[in-house]
Amino acid sequence: MATLKGIPVSAGISIGRAFFLNRSGAGPLPRQTLPEALVGPEIIRLERAFEQFGLEIEQAKRHIPAELREHALIIDSHLMILKDPKLSGVAKRYIQALGINAEWALDKAVADLEKAFEALDDPYFRDRIQDVRTVAGRVQARLAGQTAETRAIESRVVLMAHDVSPADTASLQTDKIMALVTVQGGKTSHTGILARTLGIPAVVGVTELEREVRDGDLVVVDGLRGVVVLSPGEEELARLSDLKYQFEAYQAGIMRGCHLPGETIDGYRLKVKANIEMLDEVSAVVNNGGEGIGLYRTEYSYMNRPKLPTEDELFQEYLDLATILSPRRVTLRTLDAGADKFVSTLGALDERNPALGLRAIRLCMHHPDIFKTQLRAILRASVAGNISVMFPMISGLREIRQAKAMLAEARAELRQEGLRFDAELPVGIMMELPSAVMIAEILAREVDFFSIGTNDLIQYSLGIDRTNRYVSHMYQPLHPAVVRSIKHVVDAAHQAGIEVSLCGEMASDPFCVPILMGMQIDCISLTPQAIPGIKRIIRQATMDDCKNLLKLVLESPSVTRTNALVQETIFRQFPDELMFYSSLLDREDGPAH
């Protein structure tokens, strides 16, 4: 028996026989220098390889199975990479300047992009380098004369691959796939999205997969811990089989209750909404019992495209979202770009410290034409009657008033043009900077609601970059300063008579949610897949217990003491729930407890 480690991206356990969709065909890329006369033909050879893979993707998009139709958007992102001059253009320049073969030039272009992606803070965008590698790998295969091949799957299998591209989804026999395991991939890679859509376990980033596993080997894919067990013995197989059935029973139980309200035993009602970034995630919100959208990340509509979206395009997107979810409320966060989220048409800014630079509301004020276009689209879509808008990274009163003035200008323009909108559109702000926390009472008079973004609030309050391996252990959601900051914001909102929600990762952490409930927060917003489990914890809690826990946490002088106290209390109250939560949350992006 051997165990291979990877990254868990879709929970669950599957036991079955390995079946390889593809392998890397590992071997060194050919590296040649060319005579000047062959440079032009080599550029043409590279262009044809890009075109060939592009045609294959277009064909795959037309034949994608109905149950995976939402993955057409991911296929579009790969088409964008194919057409982006940052990849093909740079490779061509290397051929021209250095006189090297196409394979070598493309490899150098990918290496350049990898360096740029490594500097990004946001894990989602950092993981997009996996998409670039996938596209480049397929182009390399076309350069080597390989074509797309599909192996027929005869029975239910554990599908293994060097990578699973969006184009591969067109030929997958989804009813025969028990689990997914890949060499490539990160936490937000396409493989994880695909596996969660299919409701099967998945582990990615298993570097030794192709060397250690053969077709037909008996394997156990543990999507809770992120491991692949090869040829398990009888005792280990029995243990994992038992865990598999326990997890499936747990999943069935939380899904049965996911459409019930988030209400404690003694009647405290907590709204549980979802954070999403694409329209195709709406089905996951509804299926998992989401009571609305607490955060719609509108910046994703601006990424990976050659031109900025038009007002009509944004209007249609927002209207479709609101209409599908009606009467559930949809909160649109205005463009939160800059720092680690680049809008290609604006270009990356040359900033020494982009996290403290021109981003979010500051970027919008720097480009009022772009901001106005988005505000007009939001207002027009507000005729659906269930839309709210909120501004990110507000540091003080001046920014709120500037943003509201721009919104008023957009209203006046639409009124003059005879276009309808919701005149009572609720306006809120993200509370994610310590400066905003300190003057929460003042800011609460200016808006209709607060939304606490704990990911940034923790980063800025503690001065910690959680993606930095040297200090990531200091990223502590239950640090006394963080807990007291959140409580101060909640109290200020309630004193002003406005609602307050929380949309950071703390909302999906069972060690944090009871503390938030003790503060009497009105709403939490989290990833759709986490909603059923958190709802069940809410429904098994009492407000007395939550308030008592909060009191103890507020009296705690250190994060070490707080973490120990919270673990002891929560494990005592929810032992069955945390059997799986501790596995699912004990990752780089999970809480530090």
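I worked on a predicted model, where local features need pLDDT of at least 70, side-chain atom pairs count only at pLDDT 80 or more, and totals for chains, interfaces and linings use all residues. Residues are numbered from 1 along each chain as its sequence is written, and side-chain values use heavy atoms, with hydrogens and water left out.

**Cavities.** A cavity here is a set of points on a 1 Å grid over the protein atoms alone where a 1.4 Å probe fits but cannot get out; lining residues have an atom within 4 Å of a point. I found 3 cavities of 30 Å³ or more. The largest share, 3 residues, comes from α6. Helices (H or I, at least four residues) and strands (E, at least two) are DSSP runs, numbered from the N terminus. I sorted the lining of the largest cavity into 2 nonpolar, 10 polar and 2 charged residues. Asp, Glu, Lys and Arg count as charged; Ala, Val, Leu, Ile, Met, Phe, Trp, Tyr, Cys and Pro as nonpolar; the others, Gly among them, as polar.

**Cysteines.** I found 0 disulfides, with the cut-off at cysteine sulfur atoms within 2.5 Å. The sulfur of C523 is 9.1 Å from the closest cysteine sulfur, in C503, too far for a bond. C523 is buried at 2% relative accessibility. Buried means under 20% relative accessible area, with a 1.4 Å probe and protein chains only. C364 is buried too, at 3%.

**Aromatic pairs.** I counted 3 pairs. Rings of Phe, Tyr and Trp (its six-membered ring) pair if their centres lie within 6.5 Å; planes under 30 degrees apart count as stacked, over 60 as edge-to-face, the rest as tilted. F247 and Y250 are tilted, because their centres are 6.3 Å apart and their planes at 40°. Both lie in helix α9 (residues 234–256), 3 residues apart, about one turn of the helix. F247 is buried at 4%, and Y250 at 7%. F371 and F391 pair edge-to-face, at 6.1 Å and 70°. F371 is in helix α13 (residues 368–381) and F391 in strand β12 (residues 387–391), so this pair ties together parts 20 residues apart in sequence.

Terms used:
On a 1 Å grid over the protein atoms alone, a cavity is a set of points where a 1.4 Å probe fits but cannot get out, and a pocket is an open set with protein on both sides within 12 Å along at least five of seven lines; lining residues have an atom within 4 Å of a point. Grid points are joined across faces, edges and corners, and a volume is the space filled by probe spheres set on the points. Buried means under 20% relative accessible area, exposed over 50%, partly exposed in between (1.4 Å probe, protein chains only).
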